[in-house]
Amino acid sequence: MTDNELTYHDDAQLVQLFRTGSEEAFSIIYKRLYQRLYFFALRFVPEMDAKDMVAEAFISLWQKREDFTEFPAIQHFLFILIRNRCLNLLKHELMKTEKQAEILQQLTLTDEEDLDLQHLQAELVKLIYAEVERLPQKMRAIFLLSFQEGLKPAAIAEQLQLSVQTVRNQKVTALRLLREALGNRAPLLLLLMLVTEKFFSDL
Amino acid sequence: MDYIISLVFKSLSTPLEGQELAQLEEWLNASPKRRAWYQDLQDGDRLAAMLGKQAPAQLEVLESELYERILTGTGLLRKPRVIRWRIWTAAAAVMLLLGLGTYLLRKPSPKTIVAVAAAEIKPGQQGAVLTLADGSQVSLDTVRNAVIALQGGVTARVVNGTLIYEGQGNAVVYNTMSTPRGREFQLTLPDGTQVWLNSASSIHYPTAFTGNERKVDISGEAYFEVTQNADMPFRVNVAGKAEMKVLGTHFNVSAYDNEASINATLLEGSVAVMIPGARQVVLQPGEQARVTDKITVIRHADTEKVMAWKNGFFNFDGLTLQQIMRQLERWYDIDVTYEGPVPDIELSGEMTRGVTLNGLLKNLKELGVHYKLEGRKLTVLP
């Protein structure tokens, strides 16, 4: 896991620096936690609200920095704050659709374990993208344009100046590489096929 | 935990066996939530959605955007000024007030061709190359704490990312610290004077100050906080073109070859600026000397703009697009060319320097700057 370069030996020291007002320690704590908190909230509320909640939670955290001596307490504080804001938002929605009621129900069942799993998911996604870096160039480009940029196949073909036929051929190549790779146990190619099956079939 | 993640990752494509399978199962069995989470991952559509939302490029934009709001809300952002840009629509204005705009799930417009590698251009970071008296070089890129060298009784140590000289030396031994593009660093000279070096800059200095003056040479851009010593005035030779004599003071010097002038801006104290064949000019705090073949003094310089880099920001007030691009070249280590006439766009406002190039360019795109990015080459389109 990559972390910033502030010199600290453990979380206790990090929190100590933070509570005495170190902005750098605060930014490290932020970088470690914002992602799981944001994507947790995003499961229940729209993007704008999720962003508001996360930003405000960290602002509150900073204001109460002197109250904390341990890292788990910080995560707990932020989680509870955000979860409560989500609950309030959902409870006060005037037009409660069935979908919203269902979401609210799901939210009431959440606890900090959900946050931990959110973090695991983030790490998994990072691993996948790291593997993507190792793909041959065209395949990597297709993958990133499809997922990161959200482009449809025709747009990808245009951007990479490939004919749609070439993109189809890439599929054939991918399949061939896949068969070879299974021998080498290269995990990502299979994964690529798994998630882009639909994409390739849309061509 | 890292091990579990690697097991999950592996299991997504090839079925696990034996001990690995048992370990994953044990972890999954410990909690129904884990099992449910894992099931979700098997769904290709859901996995695809995750990959889309948490792509590295989007995360970097999200991270900076949120952090900027947090800094503002906590009052840690020292400037209460709201980020403002002169060319903007109402919708863009709202986005920009939030920092970097909501690019998280947007599809790029067909006009802008974004090369896949754009996501990887990170902003500058701490780093420099130290050249010792014997010519040997030390990279300071990943050093947070270390003893670098012992020369003539003086120790050079990196302490929390700053190079500090300690000890009383007798021999006159020179070192040079230089930053390539995309790096910045701080050092403390033997007399306690602190120096912040911007990208593409260098400072040449002795490891001990003896004699009746303290003399250093610089190129590029540096900000100094010079310790008081009336017996030993501090002199800065700027790229061989100008000299500054300093008495206990805070000032910034910007001397890039490809900029129109050398600019020396005084924040506190007193500085005399000299060039050969002209009368010296003494600056008062808040004044800036612009040196070309003569010295022009700006009485009320925008010191916040001058100091923005040291405080971690870009300040584009009143700069032409070309001047802005030159700053980006140095900070992101890219090369910028122009296809057709240079667009006549003036910007104002500030932005954190900690954002990736991708994030910053997307912002500029909103303001009508069209470009093409291939690897480290940025082409500005008309």
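Q: Among contacts in chain B between residues at least 6 apart in sequence, what percentage join residues at least 24 apart?

A: That comes to 50% in chain B, where contact means heavy atoms within 4.5 Å. Before we go on, this is a predicted model, where local features need pLDDT of at least 70, side-chain atom pairs count only at pLDDT 80 or more, and totals for chains, interfaces and linings use all residues. Residues are numbered from 1 along each chain as its sequence is written, chains are lettered from A and ligands numbered from 1 in the order in which they are written, and side-chain values use heavy atoms, leaving out hydrogens and water.

Q: Thanks! And what's that percentage for chain A?

A: For chain A, 61% of the contacts between residues at least 6 apart in sequence join residues at least 24 apart.

Q: How many helices and strands does chain A have?

A: Chain A has 10 helices and zero strands. Helices (H or I, at least four residues) and strands (E, at least two) are DSSP runs, numbered from the N terminus.

Q: Let's switch to where helices of the two chains meet. At what angle do helix 3 of chain A and helix 5 of chain B cross?

A: The axes of helix 3 (residues 47–63) of chain A and helix 5 (residues 56–74) of chain B cross at roughly 45 degrees and come within 9 Å. Axes here are lines fitted to C-alpha atoms, for helices over the stretch in contact, and angles run from 0 to 180 degrees between N-to-C directions. That makes helix 3 of chain A oblique to helix 5 of chain B. As for the cut-offs, under 35 degrees counts as roughly parallel, over 145 as roughly antiparallel, 65 to 115 as roughly perpendicular and the rest as oblique.

Q: Which residues make that contact?

A: From helix 3 of chain A, they include A:F58, A:I59 and A:W62. Helix 5 of chain B contributes, among others, B:L66, B:R69 and B:I70. The residues of this contact divide into eight nonpolar, three polar and four charged. Ala, Val, Leu, Ile, Met, Phe, Trp, Tyr, Cys and Pro count as nonpolar, Asp, Glu, Lys and Arg as charged, and the others, Gly among them, as polar.

Q: New topic: how many residues of helix 9 of chain B are buried?

A: Nine of the 10 residues of helix 9 (residues 357–366) are buried, so this helix of chain B is largely enclosed by the rest of the structure. The buried ones include B:L360, B:L361 and B:L364. Helix 9 of chain B is followed by B:G368, which has a positive phi near 95 degrees.

Q: Which residues other than glycine have a positive phi?

A: B:A200 is one of them, at about 55 degrees, and B:D333 is another, near 60 degrees. Most residues other than glycine have a negative phi.

Q: Where do they sit?

A: B:A200 lies in the loop between strand 10 (194–197) and strand 11 of chain B, and is partly exposed at 27% relative accessible area. B:D333 is in the loop between helix 8 (321–332) and strand 20 (335–338) of chain B, and is partly exposed too, at 29%.

Q: Last one: is B:A208 buried or exposed?

A: B:A208 is buried, with a relative accessible area of 6%. Its loop runs between strand 11 (201–206) and strand 12 (214–225) of chain B.

Note on methods. Buried < 20%, exposed > 50% of the residue type's maximum accessible area, 1.4 Å probe, protein only.
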